[in-house]
Structures are given as structure tokens and as C-alpha cells.
Amino acid sequence: IEQVNVASDGSSVIQNGDKITVEFLTEHGSLDLMKSSGPEAITKVVEGEAPYRAERHAINCNADGGYVIFSFKDRTATIEHDDDIASVTSKFSSLVGNPVSIVEPDNSVTTICNSVGKVVYIDFPVMLGD
């Protein structure tokens, strides 16, 4: 695992009993469990917004007609080529049963698709499972 921030409530050398905070900066998805090289027991304490890595999916739609059907578990959502970002956000939130957010880096897209094509990102702030 690369690029992590580690902070300790103890000294600069982590000692048995210290509480440490590990922030993963680049790795996504399931991560390996931490293991001690000695007799210390590592316990999991969950604090903050989520005890997992948030997922981000990219959509690139370069169409001026039609629709796409997305499915999750036993539900489906139909995304029309001319749906606005707010509508797509609402449809994906209903699809997964939790709020999602759509990030459009340039703030230049009003609909999910256009004839040129534009990438938007859907952030899932809760763990959905496989």
C-alpha cells in the first residue's frame, strides 16, 4: 500500500498501546488488514465518515439520443441521454438506496450526455457491497 498518512497520539515512534490514525491517499477498494510483526494485538476502531474506501465511477457519454439502463441488485434505473445532472443524481440515489453525488470537473455539462462526450464521476459515499 502506497501513500498513506500516519499519525500517532504517542511519540514519533509508535509504541504498544498508542492510538494511530492511518489515512489512505491513493489505494481504492478492499485493502489488506494490518498485521503486527510482534506480539501486539491490532484492534480496529472506526471513526469518521466511513470505515471503507469510497467508490468513484466514471461515466463518459457521447450521445445525442437514447438511454442506458443501470442495475444494482434487484433494481434498475433508466438514464436518458438528455437527463440533467440533478435527475441522474436522484436516479442513482434511488437505485442504490443511498445518496450519491455526481462530480463534473469543469462544471460545463448540464446533461449527462452530449455529442462531444464528457466524463462525469459518480461518488458512492457508503459501502454498497458487490
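This note goes through the fold, the cross-links and a few residues of the structure above.

1. Basis. The model is predicted, so local features are taken only where pLDDT is at least 70 and side-chain atom pairs only at pLDDT 80 or more, while totals for chains, interfaces and linings use all residues. Residues are numbered from 1 along each chain as its sequence is written, and side-chain values use heavy atoms, with hydrogens and water left out.

2. Fold. The protein has one helix and seven strands. The order from the N terminus is β-β-β-β-β-α-β-β.

3. Burial and surface. Of the 130 residues of the protein, 21% count as buried. Buried stands for under 20% relative accessible area, exposed for over 50%, and partly exposed for what lies in between, with a 1.4 Å probe and protein chains only. The protein exposes about 9,400 Å², of which carbon and sulfur atoms supply 49%. Accessible areas come from the Shrake-Rupley method with a 1.4 Å probe, and for residues only the protein chains shown count as cover.

4. Contacts along the chain. Contact is taken as heavy atoms within 4.5 Å. Among contacts between residues at least 6 apart in sequence, 48% join residues at least 24 apart.

5. Disulfide. The count comes to one disulfide, a term that covers a pair of cysteine sulfur atoms within 2.5 Å. Cys61 is joined to Cys113, with an S to S distance of 1.9 Å. The link of Cys61 and Cys113 is right-handed, with 90° about the S-S bond. Distant parts of the chain are linked by this pair: Cys61 is in strand β3 (residues 55-61) and Cys113 in the loop between β6 (101-103) and β7 (118-124), 52 residues apart. Cys61 counts as buried at 14% relative accessibility, and Cys113 is buried with a relative accessible area of 10%.

6. Salt bridges. Searching the whole structure gives two salt bridges, each defined as a side-chain nitrogen of Lys or Arg within 4 Å of a carboxyl oxygen of Asp or Glu. One of them is formed by Asp123 with Arg56, the closest N and O atoms being 2.6 Å apart. This pair, too, links distant parts of the chain, with Asp123 in strand β7 and Arg56 in strand β3, 67 residues apart. Asp123 is buried, with a relative accessible area of 17%, whereas Arg56 counts as partly exposed at 49% relative accessibility. Asp83 forms a salt bridge with Lys91, where the closest N and O atoms are 2.7 Å apart. Asp83 counts as buried at 9% relative accessibility, while Lys91 counts as partly exposed at 25%.

7. Surroundings of Asp123. Neighbours within four places in sequence aside, Asp123 is in contact with Glu55, Arg56, Val100, Ser101 and Val103. The side chains of Asp123 and Arg56 also make a polar contact of 2.6 Å. A polar contact is a pair of N or O atoms within 3.5 Å; within protein, one must be able to donate a hydrogen and the other to accept it, and residues adjacent in sequence count only if both atoms are side-chain atoms.

8. Glu55. This residue is found in strand β3 and is partly exposed, with a relative accessible area of 36%. Leaving aside neighbours within four places in sequence, Glu55 is in contact with Ile122, Asp123 and Phe124. The C-alpha atoms of Glu55 and Phe124 are separated by 5.3 Å, although the two residues are 69 residues apart along the chain. The side chain of Glu55 also has a polar contact of 2.9 Å with the side chain of His57. In a regular strand the side chains alternate between the two faces of the sheet.

9. Strands β4 (residues 67-72) and β5 (residues 75-80) pair in the antiparallel sense over six bridges; strands pair if DSSP finds at least two bridges between them. Ser71 stands opposite Thr76 in β5. The hairpin has two residues between the strands, and Lys73 takes a positive phi near 55°.

10. Lys73. The positive phi of Lys73 occurs in a residue other than glycine. Lys73 is found in the loop between β4 and β5 and is exposed, with a relative accessible area of 60%.

How values were computed
Helix = DSSP H or I, 4+ residues; strand = E, 2+ residues; numbered from the N terminus.
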